[in-house]
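Please read them alongside the coordinates.

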Amino acid sequence: MKIDAIQPYAKQSDGVFRSVCSLDCPDQCGLLVHKKDGKIVKIEGDPSHPVTQGAICNKVRHLAERIYDPKRLRYPLKRVGPKGEGKFERISWDEALATIAGRWKRLIAEYGPESIMPYSFYGNMGRIGTEGMDRRFFNRLGATELEQTICEAAGSEGYKYTMGGSFGTDPEDTVHAKLIVMWGINAVSTNMHQVAIAEKARKNGATVVAIDVHRNRTARWADWFIPIRPGTDAALALGMMHVLFAEGMENEAFLREYTVGHEELRAHVRQYDPVTVSGITGVPAEDIVRLARMYGSVTPAFIRIGNGLQHHDNGGMCVRTIACLPAITGQWLLKGGGAIKGNGGHVSHNAAALTRPDLRRGKARSVNMNRLGRALLELDPPIRSLYVYNSNPAVVAPETNKVRAGLAREDLFTVVHDLFLTETAAYADIVLPATSSLENTDFYHSYWHHYLQIQEPVIEPYGESKSNVETFRLLAEAMGFEEQAFKDTEEDLIRQALDYPDNPAYEGITLEELREKSYVKAKVKPLFPGKLRTPSGKIELYSKAMERKGLPPLPTYTPLKDDGDLPFLFIPGPNHNFLNSTFSNNEKHVKLEKEPKLFLNADDAARLGIEDGDTVRVWNERGECELTASVGRDVLPGVAVSQGLWADAPGTKRSVNALTPDRLADMGGGAVFFSGRVGVEKKAASAAGKKETAL
Ligand SMILES: Nc1nc2c(c(=O)[nH]1)N[C@H]1C(S)=C(S)[C@@H](COP(=O)(O)OP(=O)(O)OC[C@H]3O[C@@H](n4cnc5c(=O)[nH]c(N)nc54)[C@H](O)[C@@H]3O)O[C@H]1N2
Ligand SMILES: Nc1nc2c(c(=O)[nH]1)N[C@H]1C(S)=C(S)[C@@H](COP(=O)(O)OP(=O)(O)OC[C@H]3O[C@@H](n4cnc5c(=O)[nH]c(N)nc54)[C@H](O)[C@@H]3O)O[C@H]1N2
Ligand code: SF4
Ligand SMILES: [Mo]
């Protein structure tokens, strides 16, 4: 196939163009976009991408249906009905920008710039659109800062205490692993190329173990599925350490050379014997011993630490604890051994050059994004204007009833920049249309593999939509910001991000090379032998930094917080065909996913008189939603699992975050989506024929 490489692609009506998947997914696939008569007709994987090798997920195969969805926003809008109702009228960009700048200037004069707050996440992983011009703008404005904690904050901080930052195994090496543990990750849906690599390893004799609270697609694919009670994984890891030390399977030489605190750890884990750990985790004692022996003897052993298990009250400590395991047996020295929680540290770009913290005069207050509802309802002095981009907090944030009550405040001036009139946008005063990533220039690096990529526009902007970079440039102009920082082009921004002597992995990598080669691997050095970025330079099994913060210095199991007496722990994770709430409003993807389900254990269901296919009401003091029961043995008793961040179609109550707590995790101010309790009751009997239990 001929890949067209003549710029600019967007002006060419026919051809095949290289592209990158912009979604918040570790795989960051290389794509080939086929155009005919100026329109995208097909999206497929690029076989020449060294890691993703031409395979892509079903949801992005159907991405064009989202890009050309008739519901997509074409023009700026202003609200003409009550907040939340979704009644809007077309306005021009000039009017939109003048309205926003006028309102913000008045707010700044009267209440100061901290009365304005951005709210954003990674609806698009392009770095200059999510951590570039936008940050410059809000720094210069002096806005309230947003702590971006909704995704992996707790686990990343926990991992950092042990390993010094987001540094793990090169996933390409994991093909050499002989034991692969998928721990709290639904990789078949959320990291499919780790599964593809594991499949190759399996052909060479590797065993795959999945540890999860749900027999999901990944658990079904694994050789051995270990169901565990939610929030107890740290105890399981400590139980494994107990057996490893007790049976002399530790690697003494590695521990001495590369870790601190192994003697303290050895003494500390004596209390976590298999029987005690079984009582906590629900994993039979003999399985704990079997798993530990397997981990101690089948090498290289690789652990893929997921994001799910850190969305708990104790999520930071849980990840910190699991991250200690590879050190006990010295897996880090073996090709393919070790662990990945995230690999973002290896490929980090020059963030200061992009975000320009120097443009901010003085320090502003900050708000944890997991507490948006509280911030809008309770903060004093109040947030008087909210600017939302790359995110859909009315659906994805914890305690959405509080978030929506905050968004409904009449005196709150809300601007939403998105491709669609999302549930959040329905509350906006002004809605701005956003380009899709295929209409933009941006720079990408994955938080799993080690490749850098750039995206050049493949199609023209849809209607009057604009990229984040361009929108913030225009907002800066409307606000009268004259710094050169707001005149930089996309190319300038990418060059500034790449120019980063602090990260030797970027040495010699230029925009021209990225353009020419499409996929450039960062020059990442192996972690060992070497010095980590922990205070001691070693793996910290004992952490003085944690001690100073009042946290247990050794890995420890701490139970979830008390969340009331309702019978079920509720685990509302992502699903296969959406990407968080993205695609939940696109017909094709909704059809693929069918309906939102609640997985219940058959014994619980029998006690409650619930049958497979029944509509159930799920509730707690925070809210309620209605889902379809899937009854079986896929979850342990006392656990209720749902999948997907569904849009609230008229007449439905599908928004699972109505139920999730806005408490903060033990570390990093992380979200605790999975540590809430709910009650479940039958609402309506199963409609005839509604019997399928497929995932
Ligand atoms: N298809 C698809 N892919 C995605 C996403 C999506 O929405 N859809 N989202 C993207 C994003 S932003 C992220 S952060 C990642 C998230 O993807 P993952 O890292 O896979 O994390 P989750 O899917 O949140 O949770 C993973 C698993 O953790 C399990 N789990 C929950 N609590 C516990 C526990 O206490 N112990 C154990 N052992 N397991 C537990 C859940 O049952 C779930 O199967 O995926 C990315 N990729
Ligand atoms: N119950 C529960 N809740 C969760 C999770 C869970 O597992 N369970 N997962 C959490 C996690 S890990 C995450 S990361 C968050 C994710 O939450 P969000 O970051 O809000 O992710 P999305 O729901 O995908 O929404 C992204 C929005 O950005 C828009 N967008 C895409 N590209 C652009 C662009 O270039 N410019 C602009 N302006 N907008 C754009 C999309 O159209 C979409 O509406 O959700 C969290 N919420
Ligand atoms: S969502 Fe993930 S798996 Fe799907 S195409 Fe994008 S990067 Fe690849
Ligand atoms: Mo995430």
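**Notes on ligand shells, pocket and cavities**

1. Ligand 3. This is a predicted model. The shell around ligand 3 consists of eight nonpolar residues, one polar and two charged. Its members are Cys-21, Leu-23, Cys-25, Asp-27, Gln-28, Cys-29, Ile-56, Cys-57, Lys-59, Val-60 and Met-192. Cysteine counts as nonpolar in this division, and the list includes Cys-21, Cys-25, Cys-29 and Cys-57.

2. Ligand 2, surroundings. Ligand 2 is surrounded by 34 residues, with Ser-391, Asp-418, Pro-572, Ser-581 and Thr-582 the closest. By class, this shell holds 15 nonpolar, 16 polar and three charged residues.

3. The side chain of Thr-582 places an N or O atom 2.6 Å from an oxygen atom of ligand 2. For Asn-124, the distance from a side-chain N or O atom to an oxygen atom of the ligand is 3.0 Å. Taken on its own, ligand 2 has 910 Å² of accessible area, and the protein covers 95% of that. Two or more shell residues come from each of the elements β16 (413-418) and β22 (568-573).

4. Ligand 2, position. Which domains give residues to the shell around ligand 2? Both domain 1 (77-150 + 365-437 + 461-512) and domain 3 (568-694) do, so ligand 2 lies between them.

5. Second largest pocket. The space in this pocket is about 470 Å³. It is lined by 18 residues, and those closest to its centre are Leu-421, Glu-423, Asn-585, Ala-647 and Asp-648. The lining divides into eight nonpolar, five polar and five charged residues.

6. Cavities. Three cavities reach 30 Å³ or more. The largest cavity holds about 80 Å³ of space. Of its 13 lining residues, Asn-124, Gly-129, Asn-440, Asp-442 and Asn-468 are the closest to the centre. The elements giving two or more residues to the lining are α4 (127-130) and α21 (468-479), and the largest share, three residues, is from α4. By class the lining has two nonpolar, nine polar and two charged residues.

Notes:
Residues numbered from 1 in each chain as written. Chains lettered and ligands numbered in written order. Predicted model: local features only at pLDDT ≥ 70, side-chain atom pairs only at ≥ 80, totals over all residues. Heavy atoms only, no water. Near = heavy atom within 4 Å. 1 Å grid on protein atoms, 1.4 Å probe; cavity = no way out; pocket = protein on both sides within 12 Å on 5 of 7 lines; lining within 4 Å. Points joined across faces, edges and corners; volume = space filled by probe spheres on them. Polar contact = N/O pair within 3.5 Å; in protein donor to acceptor, adjacent residues only side chain to side chain. Areas by Shrake-Rupley, 256 points an atom, 1.4 Å probe, with all protein chains shown as cover. Helix = DSSP H or I, 4+ residues; strand = E, 2+ residues; numbered from the N terminus. Domains from an automatic or database assignment.
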